[in-house]
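Opening the notebook on a new model.

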Amino acid sequence: MLAAAALLRERGPEAVTYRKVAEWAGAASSSVGYYFDSVTELLHEAGCYNIELWIARAEKVAQAFSPEECRERVVDLLLEACLPDDTVSTPAHYAQLIASAEAPVVTEAYCKGREALDAAVNRILVRAGVNLTPSVVVALVDGGAVKAISEGYDVREIARMLLESVLDR
């Protein structure tokens, strides 16, 4: 399942096959089929695992700082909670999010996890005293990421600029 989740993150849902997962896990493809009745089930579990990783990262950020520190570092904290960490290629992250539309079970897993992810982002906003919704923050960060990726800019720089421009108002 860990290999499937990594494949999903790095190459999208179309890359998740019994053979490719087994190769990444260093196992026989028949063993993957033994534990998962279908590639659909495997994709669902990989999607659930990935969203749990993102939620855990956002939760860690949301709980780590006092209200004063949150106010001082709100943009950095929101970026840390919303963007993938340095172990994941940002373009690959966004490509697999978009490609997840091709795998309804992945979309379902991500959609179910979004509530918990938004709750963590909201805790950062509340602690910092910022009157924005998590949906607006995510739209700014994700929109900035797509703009940066498609135009060859630094993702964090563009997302930071968008968040700062909204927070300055």
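This is a predicted model: local features need pLDDT of at least 70, side-chain atom pairs count only at pLDDT 80 or more; totals for chains, interfaces and linings use all residues.

Which of them gives the most? H7 does, with 6 residues. For the volume I noted about 370 Å³. I also sorted the lining by class and found 13 nonpolar residues, 3 polar and 3 charged.

**Asp118.** Staying on H7, I picked out aspartate 118, which sits in that helix. Buried or exposed? Aspartate 118 comes out at 18% relative accessible area, so I have to call it buried, the cut-off being under 20%. I then listed its contacts, skipping neighbours within four places in sequence, and got Pro134, Ser135 and Val138.

**Core.** Next I went to the largest nonpolar core, which has 53 residues. The members that touch the most others are Val16, Val21, Leu78, Ile124, Val137, Val141 and Leu163. I checked where the core comes from: H1 (2–11), H2 (18–25), H4, H5, H7, H8 and H9 (155–167) are the helices that give two or more residues. In general, nonpolar side chains of soluble globular proteins tend to be buried together.

I took leucine 163 for a closer look. Neighbours within four places left out, leucine 163 is in contact with Val75, Leu78, Leu79, Val137, Leu140 and Val141.

**Leu7.** Then I moved to leucine 7, in helix H1. Its relative accessible area is 0%, so leucine 7 goes down as buried. What does it touch beyond four places in sequence? My list for leucine 7 reads Gly12, Ala15, Val16, Lys20, Val21 and Trp24. I also took a distance from leucine 7 to alanine 81: the two are 74 residues apart along the chain, and their C-alpha atoms are 22 Å apart.

**H6.** For this helix I wrote down the buried residues, which are Thr90, Ala92, His93, Tyr94, Gln96 and Ala99. Against what do the buried residues of H6 pack? I found H1, H4, H5, H7, H8 and H9.

**Glu102.** I read 61% relative accessibility for glutamate 102, so I count it as exposed. Histidine 44 is 58 residues away from glutamate 102 in sequence, and the C-alpha to C-alpha distance is 12 Å.

**Salt bridges.** I counted 8 in the structure. Side chains of opposite charge can pair when their charged atoms come close.

- Glutamate 23 bridges to lysine 20, with the closest N and O atoms 3.7 Å apart. Both are in helix H2, 3 residues apart, about one turn of the helix. Glutamate 23 is exposed at 53% relative accessible area, whereas lysine 20, at 26%, is partly exposed.
- Lysine 112 and glutamate 108 meet in a bridge of 3.2 Å, N to O. They are 4 residues apart in H7, so about one helical turn separates them. Lysine 112 counts as exposed at 60%, while glutamate 108 is partly exposed at 36%.
- Lysine 147 bridges to glutamate 151, the closest N and O atoms lying 2.8 Å apart. This pair is in H8, and because lysine 147 and glutamate 151 are 4 residues apart, the separation is about one helical turn. Lysine 147 is partly exposed at 35%, and glutamate 151 is partly exposed at 42%.

Which residues are linked in a network of salt bridges? I found Asp76, Arg160 and Glu164 linked that way.

Conventions: Residues are numbered from 1 along each chain as its sequence is written. Side-chain values use heavy atoms; hydrogens and water are left out. On a 1 Å grid over the protein atoms alone, a cavity is a set of points where a 1.4 Å probe fits but cannot get out, and a pocket is an open set with protein on both sides within 12 Å along at least five of seven lines; lining residues have an atom within 4 Å of a point. Grid points are joined across faces, edges and corners, and a volume is the space filled by probe spheres set on the points. Ala, Val, Leu, Ile, Met, Phe, Trp, Tyr, Cys and Pro count as nonpolar, Asp, Glu, Lys and Arg as charged, and the others, Gly among them, as polar. Buried means under 20% relative accessible area, exposed over 50%, partly exposed in between (1.4 Å probe, protein chains only). Contact means heavy atoms within 4.5 Å. A nonpolar core is a set of buried Ala, Val, Leu, Ile, Met, Phe, Trp, Tyr and Cys residues joined through side-chain atoms within 4.5 Å. A salt bridge is a side-chain nitrogen of Lys or Arg within 4 Å of a carboxyl oxygen of Asp or Glu.
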